[in-house]
Amino acid sequence: MNKNFYITTPIYYPSAKPHMGHAYSSIVADFFARFKRIQGFNVYFLTGTDEHGQKIQRAAEKKGMDPLSFCDEISKTFRDLSKTLNLSNNDFIRTTEKRHAESVQNLWNILEKKKEIYLSKYSGWYSVSDEAFYSDDEVEDKKGSKIAKSSGSPVEWVEEESYFFKLSQWQDKLLKFYSENPNFILPSARKNEVISFVKSGLKDLSVSRKSFSWGIKVPSNNDHVIYVWLDALTNYISALNYPNENDKLYKNFWPATIHLIGKDILRFHAVYWPAFLLAAGISVPKRVYGHGWILAGDEKMSKSKGNILDPIEIIDIYGLDSLRYYLAKEVSFGNDGNISQEKLESCINSDLANNYGNYCQRVVSFNEKNCNLLIPKKDSFTKEDLILLDRFKVDFNKLINHIDNQDLNSYMNFIVESLFAANKYFNDQAPWNKKSDIPRLNTIVYVSLEIIRKISIMLYPIIPSSSLKALKIFSIKEKDINFDSIKNHNQLIVNNKINKIDILFKKIDNKND
Ligand code: MSP
């Protein structure tokens, strides 16, 4: 079994500071990366910034800055955000790095050599905001100006000499590829959109621009810069040291296990990217997953709409793990979702403070009073004990399947149900009434501690720092977390010391403070 796992986020435009939508893509990618690591996989997790093109050039001009200094400044805010979000990424790539430019030019040369690229003239619509070409029927009038129907972004008319990639020749091969790889595009509703787009007919794609200079030069013709999407998509292999195919990173991790992206950029990842790769004779990633948007009200959050939720502000008020938990649990993964202060507060109070945090505290303080902060010796398990403990054994493979199918919500539901079951168990078994039956009291405490261990391991990918705080009870360190161990009931060593821990999540009393 291949134990390598390569996951990527989109690389973000450093045209303005990051918002919640960016944070969302990165946080969910981090869940999967962390999960596969504790499952024993060799994980490579990549994120970064997409720094070329007209959008960035114009944003820099607006600030009176040269594009590179502008990118240096804003790319840093994305890099800082990845720390604030506690991402476990292995690399952060910038498309302005030399390693990337070399890789892109190499790919270009191969495509040119294989006669997949030819010089002609582009006349049509272009959206700088989307960095995308649109045909007449993809554009509509709105209040006297032209916008792209799909994104609502303004488009402008462009006429210039341009290199074209022979995308039209890949239509049938792409359709064959989708049917042979039914899980390449997920969720499946998105797959159908892509397939009908490809079936409706692919035109050759303009892959260079001549009217501005902020980009990677076409090696054989320095008047042109390479189309920013061809440049950007290549980050997924340039970060693995492509074209050095003997490089360990490239050998281990390409093709990628999953490109996690927002649904807005599916066409680039599920149509253009595999076509470029197939044309160059490079293997194609195994999966592209297009998640939904985080909405502010009913609208996609974006700088131009002025409705940006600042992840840093939310984290300052509620803490990172609360936000991470909320996004995993309350957003139906694959669909759009939104964040409201009210929903966030109730999620923190009910799930994190009450069901999880308080449960950990209750069990540890009961242990302190009755078992001297030691793992008690268990007697034989009763039916009630086994019902609770066995959930993790019986559903073990299902849980892994949920993650491998990016069914984050089923994974979360299992945790939430287990927490309810654990709290109910502790209340029903009422160890405080068992002082005359110490073996039973000890067994209840043992089972409750086992459940804290199992649930905290399951929560590690979602709320890593809180899970690690809870696992301190058992002196379990990050490097020792092993998902497999949730199947077993006898991982706690009798008479080992347990540690008291600080409160994991505080209840929020004052609304809108
Ligand atoms: N630079 C390109 C991606 C190149 S990948 C080779 C780009 N950048 S972006 O900064 O505009 O957006 C990147 C991603 O951020 C989106 O695909 C999506 O994953 C995420 N989001 C941006 N706004 C979002 C929301 N409002 N909600 C959820 N995610 C969204 O496109």
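Visitor: What should I know before I look around?

Guide: This is a predicted model, where local features need pLDDT of at least 70, side-chain atom pairs count only at pLDDT 80 or more, and totals for chains, interfaces and linings use all residues. Residues are numbered from 1 along each chain as its sequence is written, and side-chain values use heavy atoms, with hydrogens and water left out.

Visitor: Let me begin with the ligand. Which residues are the closest to the ligand?

Guide: A residue is near a molecule if one of its heavy atoms lies within 4 Å of it. Here 25 residues surround the ligand, and I11, S25, D50, G262 and I294 are the closest. Helices (DSSP runs of H or I, at least four residues) and strands (runs of E, at least two) are numbered from the N terminus. Two or more residues of the shell come from each of β1 (4-12), α1 (20-38), α7 (228-233), α8 (235-238) and β14 (258-262).

Visitor: How many residues of that shell are nonpolar, polar and charged?

Guide: Ala, Val, Leu, Ile, Met, Phe, Trp, Tyr, Cys and Pro count as nonpolar, Asp, Glu, Lys and Arg as charged, and the others, Gly among them, as polar. In the shell around the ligand there are 13 nonpolar, nine polar and three charged residues.

Visitor: Which atom of the ligand is 2.6 Å from the side chain of S25?

Guide: A polar contact is a pair of N or O atoms within 3.5 Å; within protein, one must be able to donate a hydrogen and the other to accept it, and residues adjacent in sequence count only if both atoms are side-chain atoms. An oxygen atom of the ligand lies 2.6 Å from an N or O atom in the S25 side chain. For D50, a side-chain N or O atom is 2.7 Å from a nitrogen atom of the ligand. H291 has a polar side-chain atom 3.5 Å from a ligand oxygen. Taken alone, the ligand exposes 650 Å², and the protein buries 95% of that (areas by the Shrake-Rupley method with a 1.4 Å probe; for residues, only the protein chains shown count as cover).

Visitor: What lines the second largest pocket?

Guide: This pocket holds about 480 Å³ of space. It has 23 lining residues, with F133, Y134, S135, E138 and K203 nearest its centre. β4 gives the most, with four residues. The lining has eleven nonpolar, six polar and six charged residues.

Visitor: Is S238 buried or exposed?

Guide: Buried means under 20% relative accessible area, exposed over 50%, partly exposed in between (1.4 Å probe, protein chains only). S238, in helix α8, is buried because its relative accessibility is 1%. Its side chain makes a 2.7 Å polar contact with that of H100. H489, in the segment after α18 (464-471), is also buried, at 10%. The side chains of H489 and D390 are joined by a polar contact of 2.7 Å.

Visitor: Which backbone angle stands out at N86?

Guide: Most residues other than glycine have a negative phi, and most peptide bonds are trans. N86 is not a glycine, yet its phi is positive, about 60°. N86 sits in the loop between α3 and β3 (91-94). As for peptide bonds, a cis one joins L186 and P187, with omega about -10°. Another cis bond joins Y242 and P243, with omega about 10°.

Note on methods
1 Å grid on protein atoms, 1.4 Å probe; cavity = no way out; pocket = protein on both sides within 12 Å on 5 of 7 lines; lining within 4 Å. Points joined across faces, edges and corners; volume = space filled by probe spheres on them.
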